[in-house]
Amino acid sequence: MEPSLPETREHDPLTSILPPEQMAAVAAALDAFAAEPGALLEVLHAVQQRLGHVPPAAVAVVARALNLSRAEVHGVLTFYPDFRQTPPGRHVVRLCRAEACQAVGARALEAHARRALGVDFHGTTTDGSVTLEAAYCLGNCACGPSLLIDETLHARVSPSRFDALMRQARGGEA
Ligand code: FES
């Protein structure tokens, strides 16, 4: 069944600012969470889970549906670094910046990763293949520096191993 949001959807200029796939994701998130306490965070998480990011144009739709101002929705969206407003790269690298990893070389790895990819944290390489994100402990403290590539954890990552992992990730693309 198609999600039911908002009531006058066909004639609503707000709904036309989002492509149909994005509107469907926003509508589904609102259907699932709008009635719950603290709905805004749940809705934004659900949209990001489905689309990989929260499109800026969704702010107005979510704000109206939750009876919030656009500034309130935008404020939450930009306050939490986990929310993305642009689509991520085809691979997401989450590099641990927490203390135990820093004690065994994560700072040098971080500097190398930024240089090698040509992006800062939250950035995506120009070819769209990799997005670099920070993590604050991946539960692998005894074997740092640690990072995740998509869902796969890698331990004791040196700069040269990082390069090899990136070659593998990018080379493994169709
Ligand atoms: S501090 Fe890096 S995995 Fe825990």
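## Overall arrangement

Of the 174 residues in the chain, 43% are buried. The model is a predicted one. Its secondary structure consists of seven helices and four strands, and from the N terminus on the order of these elements is α-α-α-α-β-α-α-β-β-β-α.

Contacts can also be sorted by separation along the sequence. Among the contacts in the chain with a separation of 6 or more, 60% are made by residues 24 or more positions apart.

In soluble globular proteins, nonpolar side chains tend to be buried together. The largest nonpolar core here has 24 residues, of which V26, V43, V47, V54, V62, L66 and V73 touch the most other members. Two or more residues of this core are given by each of α1 (20–33), α2 (39–51), α3 (58–65) and α4 (70–79). Helix α2 supplies the largest share, seven residues.

When residues up to four places away in sequence are not counted, V62 touches V26, L40, V43 and V73.

How much of α3 is covered? Six of the eight residues of this helix are buried, and α3 is thus described as mostly covered. The buried residues are A58, V59, A60, V61, V62 and A63. Among the elements that cover these buried residues are α1, α2 and α4.

Just after α3 comes N67, with a positive phi of about 60 degrees. N67 belongs to the loop between α3 and α4, and N67 is a residue other than glycine. With a relative accessible area of 70%, N67 is exposed.

## Packing of α2

Two packed helices are described by the angle between their axes and the distance between the axes. For α2 and α4 the angle is about 60 degrees and the axes are 11 Å apart. This angle makes α2 oblique to α4, and the crossing of the two helices is right-handed. The residues that meet are L40, L41 and L44 on the side of α2, and E72, V73, V76 and L77 on the side of α4.

Helix α2 also contains L51, which is buried at a relative accessible area of 15%. Leaving aside neighbours within four places in sequence, the contacts of L51 are E21, Q22 and A25. Between L51 and E21 the separation is 30 residues in sequence, and their C-alpha atoms are 8.6 Å apart in space.

## An aromatic cluster

How many aromatic pairs does a search of the whole structure find? The search finds two. In one of them, the ring centres of F79 and Y80 are 5.0 Å apart and the ring planes stand at 85 degrees, so this pair is edge-to-face. In the other, Y80 and F83 have ring centres 6.2 Å apart and planes at 90 degrees, and this pair is therefore edge-to-face as well.

Together, F79, Y80 and F83 form one aromatic cluster. Their accessibility can be read residue by residue. F79 is exposed, with a relative accessible area of 61%. Y80 is partly exposed at 36% relative accessibility. F83 counts as buried, at 8%.

## Backbone features in other loops

Where is P145 found? P145 lies in the loop between β2 (130–135) and β3 (147–149). The peptide bond that leads from G144 to P145 is cis, and its omega is near -10 degrees.

A positive phi is also found at R156, a residue other than glycine, where phi is near 45 degrees. R156 is placed in the loop between β4 (152–154) and α7 (159–171). With 54% relative accessibility, R156 counts as exposed, because residues over 50% are classed in this way.

Technical notes. Residues numbered from 1 in each chain as written. Predicted model: local features only at pLDDT ≥ 70, side-chain atom pairs only at ≥ 80, totals over all residues. Heavy atoms only, no water. Core = buried A, V, L, I, M, F, W, Y, C linked by side-chain atoms within 4.5 Å. Buried < 20%, exposed > 50% of the residue type's maximum accessible area, 1.4 Å probe, protein only. Contact = heavy atoms within 4.5 Å. Phe/Tyr/Trp six-rings, centres within 6.5 Å; stacked < 30°, edge-to-face > 60°. Axes fitted to C-alpha atoms, helices over the stretch in contact; angles between N-to-C directions. Parallel < 35°, antiparallel > 145°, perpendicular 65-115°, else oblique. Left-handed = near helix turned anticlockwise from the far one by under 90°.
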